[in-house]
Amino acid sequence: MATVIFSSELQRLTGEEKTIVDAGTYRELVDKITTRYKDLERDEIMKMAVAIDGEIIHDPLLESVGDNSEVHFLYRISGG
Amino acid sequence: MSEAREYKYIGQRSIRPDGFDKVTGRANYGADLSLPGMIWGKVLRSPHAHAKITKLDVSRAEQHPGVMAIATYKDFPAVSSEAFEAGEGATDLLDLARNILADGKVLYDGHAICAIAALTEAIADEALSLIDVEYEILPHVMDVRDAMKEDAPLLHDDLFTQGLPEQPDKPSNIAARMELKKGDIDQGFADADVIVEREFYTPTIHQGYIEPHACTVRYEEKGTSMVWCCTQGHFDVRASTAKLLKMDLSKLKVVASEIGGGFGGKTTVYLEPVSLILSRKSGRPVKMVMDREEVFRASGPGSATRNWVKIGAKKDGTFTAMQARLCYEAGAFKGSPMGPGCMTVFTPYDIENAYVEGFDVVVNKPKVAAYRAPGAPQAEFAAEMVINEIARELGIDPIDIRLKNAAREGTQTLYGPKLKAVGLIECLEACKNSDHYKAALKDNQGRGVAAGFWFNIGGQSSVTINMNPDGTATLVEGSPDIGGSRASMQLMAAEELQIPADKITPIVADTEVLAYNGTTGGSRTTFATGMAVIEAAQDVIRQMKERAAAVWNVTAEQVDWVDGTAVNTAGEGRLTAVEICAGADRTGGQITGRGNINARGAGPSFAVHIADIEVDRDTGRTRVIRYTACQDAGKAIHPSYVEGQYQGGAVQGIGWALNEEYIYSKDGILENPGFLDYRIPLASDLPMIDALIVEVPNAFHPFGVRGVGETGIVPPLAAVGTAVANAAGITVTELPLSPPRVLKAMQSSSR
Amino acid sequence: MSRTHVTTTVNGDALEFLCEPHETLLDALRNHLNMTGTKEGCGSGDCGACSVTLDDRLVCSCLVLAAEAEGKSIGTIEGVSNKDELHVIQQKFLEHAALQCGICTPGLIVSTRALLQENPNPTEEETRYYLAGNLCRCTGYDKIIRAVMDAAETMRGGGAA
């Protein structure tokens, strides 16, 4: 069971700060939260980076999610 | 990650492999390539801040002897609004095209209108004066605060604010709004014993790289076109240029010259697509070089901001609430670093209640580009100034108040993840224990301390290591070397392969040689390209073991790699890398290792700086007396170049705090487009910059690397700002702290 | 426009070139003599990237007309090392990591050579003021000043000041 924590911007769409998801992979996790929260758009969510247990991943398509993982969606970061 | 590991090569202060060419003048930079038959391109630029182009007649210029081609916006294939990733993140293709060559309307002083290629630079310049342009001047808006007003002149009638709960029905100059929140901000302020709030102004500033933008190109209708240019990312130059001109990536070769500084400013394209158009139309190679005035007027400076911060604290210094409203100028097209500003502003602190609101606003100035930790210095300047004011009000040492609230392992950041081990507390302690912090100040001197945070990024890197028959290696990378990164790659490859560093030659290859590489930026190169180097080296070792196993007729699992030598654990036998490579023809052909990765797990980086400034009470002139820059590198691969990043970042920040600003006339014309009047720090302005390297390894990197390029520019604004405030007895809310501003503040000081 | 014929000496080599009257010495070096080691950062004498010596006087080559090189002796970065043997100043710049991007380096090395010819034993302050005409945006000057002071000491024979 992974814990997904939503940013304040995403909370506008989910109505809650966090949720527990039974998912072994990133794709499964996205499937489940976009089913659970109708306002979360799959394409938009999949454009975001994620942090899984503190590790920032910009292109997480093939990532697996651990049993007690904490998952945050965040804006992609660039730099100078 | 192996903390106990002892390194043989990493951590050495080796001579950089490209050093010889760079101290002898042999290294070739953006403007250094000439081709047979080459002609010169020049750009006509807007003399107005905001105007409609009512007439653009190039016929007289076209007839001028020696003119070979003219390019205008109409020469772009049909371009539509479309977000795509290149260089500094998401860019709108239509905005990019309209910035490179204006489409019927000019949006800032210096905005490119058309370009001419001619036999010589002088002829091209003459021909520019023959272009007949008429303008209908429109009202302009130069400041973020004015641009946000309801009745402000509009830059784009199709720009609608993104990020509002309801889609607005009227266009405005506010391109986007975002907010981040955590906890209960009202309760946080209710719990505070002291609350300080202030609004700060930071001006438009420029990266100030010494090398102007330059390129030499050759367009081939049927073959492969070529762009030679100075850029932080030639693969992204290829992506942007090919997209704009509708070319196949495989038909456009981009070669990164040596690069004479970038700091984020060379992460996008200006001249490259235009010169290709000129080359296509003339059938000649074309060279274009910006002059210094063009660099200031029409490349991508850093955002001016008006940032308001409010912080509440308990008497013991514990922060209870932090709030910010951050307004960033994007220049003429949307896309300021407001997002990273919001995400970094309070990250050095473990805070329960926070609320941050950010605005991305267009004004009649050049479109901003990335500048070293883009967005962070402006936001964190405001936060750190307020924290220093709270510390003073509460009578708490500024380092102690930061130690009390410092972000640490497990801190929930406002922007997303919980932090792993980070080095802020270690940096604060190193500064507190430094001789500098214990040294006494004299009359008219003040000290300032500030912390800074930057994320650092990972991203895509592709590296190939070709083993030569004599056992030496050629390391092929695709990250332009902006500050000595070839040396880091060499050391990391040597460490992994266990062969001497001087036997490894790193080269930066063009876009035809390697798969895609992300742009050098975001402090990613030593981190991400370094990871690709490690992976490629491991691939080499795997193959060397296989070859040795084949010679000994054992399995690869029975072979160890020790000190650059294969060791047979199932019997007798040792084969050095030199021997394996020499015999590679008989064991299956030559050996190439490959590492194509998308690096994740970039290490958040913190810095703490101490500035001592002396103020001349009669003139307002300031002088940096002593300066310390302390930062967590994770692991310093080449300590000299890590120190160099700290020192260089600190001095750019000192310039930002004390001297640098774009000065516009009432008509919106840039009045100081040169190094004489846009004054970056000189050798005579500065003391030595003490660099303290803290190493708290990044858990996600094999050597613990975090990336070091950007964070060092974040703390100086508030460290210097506070030092000046303390030295002069004034309240500082505006940069730069130039002598007239300091003098005026001293004369009216109530502090 | 008629072109001017210029006879000059560059790093000890007798050379000739043709130039337009408006062209600078920097243009001539880079575009006519293919010596691109001398860099252009501003074209207005503010950055020092184009520093060369003209009859042993340190100048910004962007502020000198090409025609003024007639009969003069020019020293550029290409003439600082002795074939592949680096000058002490160049060696010290490498040892001290006194360059990052390297675009200001040719100008700084030429200026440093001129400084140490005039004053073999400069103080840190004298060094900082002499080199104030050479902008570097990468290093914060710390390592450059250390490299110059170390080069000065080595050139004096390693003795203390």
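Start by selecting B:Val361, B:Ala493 and B:Val724, the residues with the most contacts inside the largest nonpolar core, which has 322 residues. Such a core is a set of buried Ala, Val, Leu, Ile, Met, Phe, Trp, Tyr and Cys residues joined through C-beta atoms within 7 Å, where buried means that 20 or more other C-beta atoms lie within 10 Å of a residue's own, with C-beta atoms placed from the backbone.

This is a predicted model: local features need pLDDT of at least 70, side-chain atom pairs count only at pLDDT 80 or more, and totals for chains, interfaces and linings use all residues. Residues are numbered from 1 along each chain as its sequence is written, and chains are lettered from A and ligands numbered from 1 in the order in which they are written.

Next, show helix α16 (residues 525-552) of chain B, which gives this core its largest share, 13 residues. Helices are DSSP runs of H or I, at least four residues, and strands are runs of E, at least two, numbered from the N terminus.

Finally, colour by chain. The contact between chains B and A takes 35 residues from chain B and 19 from chain A. On the chain B side, β9(B) gives the most, with four residues. Chains A and C do not touch; their nearest C-alpha atoms are 14 Å apart.

Technical notes: Contact = placed C-beta atoms within 7 Å. Buried ≥ 20, exposed ≤ 12 C-beta atoms within 10 Å, placed from the backbone.
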